[in-house]
Amino acid sequence: MSDLRIELVPCLRDNYAYLVRDEKADLCAVVDPSEPGPVQKALKSRGWRLTHILNTHHHFDHTGGNVPLKEEFGAQVVGPAKDRQRIPAIDTGVDEETNWRFGGRAVRVLEIPAHTRAHIAFIVDGAAFTGDTLFAMGCGRLFEGTPQMMWTSLSKLATLADETRVYCGHEYTLNNGRFALTIEPDNDALKRRMRDVERTRAENAPTIPSTIGLEKHTNPFLRPASAEIRRSLGLENASDVDVFAEMRRRKDSF
Ligand SMILES: [Zn+2]
Ligand SMILES: [Zn+2]
């Protein structure tokens with residue numbers, strides 16, 4: 001059993017930063033701090049001291065807290081090795097070859113480019129921090145990569161164990177689910193999940209974390225093999241990546 005505690009910290013309009021707390025080792029990391037204020041407040045209310053800052057990618061809504069939080073706490077900034085120049089105040093670059101550890105734990109890094117060219121995910125103790133690559137029922141926009149790159153990155157995440165908890169960068173779930181229903185309206189797992197999500201969002205509560213297993217059943221971007229999706233798109237005989245590309249194109253203007 002994991003004794004890491006993970007706390008959501010809502011930031012900006014719809015971002016989530018996450019506090020990852022190892023009580024025994026007296027360590028606390030923040031994943032993707034958009035801004036310092038909410039993170040400082042969350043730390044203070046729990047009496048925790050920040051020791052690490054982890055970034056999945058360079059976008060300002062994921063790194064805006066790096067410099068002020070590092071200045072305040074002397075925290076170590078860890079981010080994608082292949083994007084050192086764009087990660088503010090980075091100390092440690094990591095990639096799939098790095099054996100980076102958080103206290104006594106091995107942290108697995110997956111390179112999942114396409115939203116940005118050096119986007120990474122951190123996997124620790126059954127939790128995956130997927131940034132802006134895999135969202136609940138969605139995926140990130142292709143700012144610096146091709147559909148093939150994103151499809152490869154998502155496929156890599158889909159190899160994680162079904163029970164892996166997914167902590168993503170934004171609360172986009174309701175809109176993502178609405179899009180998913182336009183192309184897979186008869187998916188019962190998707191319909192069930194949307195009822196839950198609508199209830200959760202009506203109470204203004206977070207829909208995070210999800211799990212890899214739930215995403216595989218309800219996230220259209222992991223489901224280009226679905227016969228219903230292919231029929232909806234008129235792409236019965238296309239390759240998975242071509243089906244993926246058409247979904248991503250439609251979502252861009254949804
Ligand atoms: Zn981003
Ligand atoms: Zn973002």
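Tutor: Helices here are DSSP runs of H or I with at least four residues, numbered from the N terminus. The model is predicted.

The largest pocket has a volume of about 290 Å³. Its lining counts 19 residues. F135, C139, R141, Y172 and K251 lie nearest the centre. Two helices, α5 (173-183) and α9 (240-252), each supply at least two lining residues. The largest contribution comes from α5, with four residues.

E215 sits in helix α7, residues 212-218. Its relative accessible area is 0%, so E215 counts as buried.

Now the metal site. The zinc ion (ligand 1) has four protein donors: H57 through NE2, H59 through ND1, H115 through NE2 and D132 through OD. They lie 2.1 to 2.3 Å from the ion. In sequence, these donor residues follow the spacing H-x1-H-x55-H-x16-D. H57 lies in the loop between β4 (52-54) and α2 (60-63), and H115 in the loop between β8 (105-111) and β9 (120-124), so the pair ties together parts that are 58 residues apart in sequence. Both H57 and H115 are buried.

What is the geometry of the site of the zinc ion (ligand 1)? It is irregular, with angles of 92 to 166° among the four donor atoms. The tetrahedral class needs all angles between 85 and 135 degrees, so a value of 166° rules it out.

Last, a residue with another setting. K70 lies in helix α3, residues 66-73. Its relative accessible area is 25%, so K70 is partly exposed. Leaving out neighbours within four places in sequence, K70 contacts I53, A75, V77, A89 and D91. K70 and S226 are 156 residues apart in sequence. In space, their C-alpha atoms are 45 Å apart.

Definitions and conventions. Residues numbered from 1 in each chain as written. Chains lettered and ligands numbered in written order. Predicted model: local features only at pLDDT ≥ 70, side-chain atom pairs only at ≥ 80, totals over all residues. Heavy atoms only, no water. Buried < 20%, exposed > 50% of the residue type's maximum accessible area, 1.4 Å probe, protein only. Contact = heavy atoms within 4.5 Å. Donors = N, O, S within 2.8 Å, 3.2 Å for Na, K, Ca; no water. Tetrahedral: all angles 85-135°; square planar, octahedral: opposite > 155°, others 65-115°. 1 Å grid on protein atoms, 1.4 Å probe; cavity = no way out; pocket = protein on both sides within 12 Å on 5 of 7 lines; lining within 4 Å. Points joined across faces, edges and corners; volume = space filled by probe spheres on them.
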